[in-house]
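Hi there,

Here is the structure I promised to pass on to you. Have a look at it first, and then read my notes below.

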Amino acid sequence: WRPSWSPPPLARCEDAAALELPDENPENPFLSQRYKNLRYGAALIPPPPPQLDPSRMMDGCTARALIGCVGGGVMGLVMGGFMHTMQPMNVDTTLGTWDQIKQSYKGFGQACVRMSRNFAKVGCVYAGVECAIERERAVRDIPNAMYAGCATGGVLAFQAGPAAMAMGCAGFAAFSGVIECFMHS
């Protein structure tokens, strides 16, 4: 006895993908191109364009370093202006008021820019190093600030030699630790 119907051979996905089928297959209509590319419901709607996530951008160490640089620069401008106005100056009292003001504020711009540049360096290096240490240790705590302070103090005092680097490291680490203790309490 022989059956008149025999099952088709088993097909694998790879084999089906390699087959070049005509548009209409009379044996199995579900293998036609129309059904192979069929999508239902929400699949017909194109995906939305990728959104920029500001929180994800701000979590990066580069963004934190840039924010520290800009914040330090602004703070340096303010501090430079304040420090310059507090300096004792020899003003010629025989001049008029406007000339006295011009003479007293002669180095104001340079003082602001100099202080701004220094504060920007400190802010950039400190924020970048603290973020990198925080990522590496996977914890946000006071020792991170102290390590970052030590690295920043050492980097900023590099040109003055090893003794100055050690003092910069110790001083900046202690200052950072005190500030972080104050901020966390």
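In which helix of the protein chain is confidence lowest, and in which is it highest? The mean is lowest in helix α1 (residues 13–18), at 52, and highest in helix α7 (residues 142–156), at 95. Confidence here is pLDDT, the predictor's own score for each residue, from 0 to 100. Helices are DSSP runs (H or I, at least four residues), numbered from the N terminus. For the protein chain, the mean pLDDT is 83, with 77% of residues at 70 or more. Where pLDDT is low, the predicted coordinates should not be read in detail.

Some ground rules: this is a predicted model, where local features need pLDDT of at least 70 and side-chain atom pairs count only at pLDDT 80 or more, while totals for chains, interfaces and linings use all residues. Residues are numbered from 1 along each chain as its sequence is written, and side-chain values use heavy atoms, leaving out hydrogens and water.

The most come from α6, with eight.

Finally, the whole structure holds four salt bridges (a side-chain nitrogen of Lys or Arg within 4 Å of a carboxyl oxygen of Asp or Glu). Asp99 and Lys102 form a salt bridge, at 4.0 Å from N to O. Both residues sit in helix α5 (residues 97–104), three residues apart, or about one turn of the helix.

Best wishes

Conventions:
Helix = DSSP H or I, 4+ residues; strand = E, 2+ residues; numbered from the N terminus.
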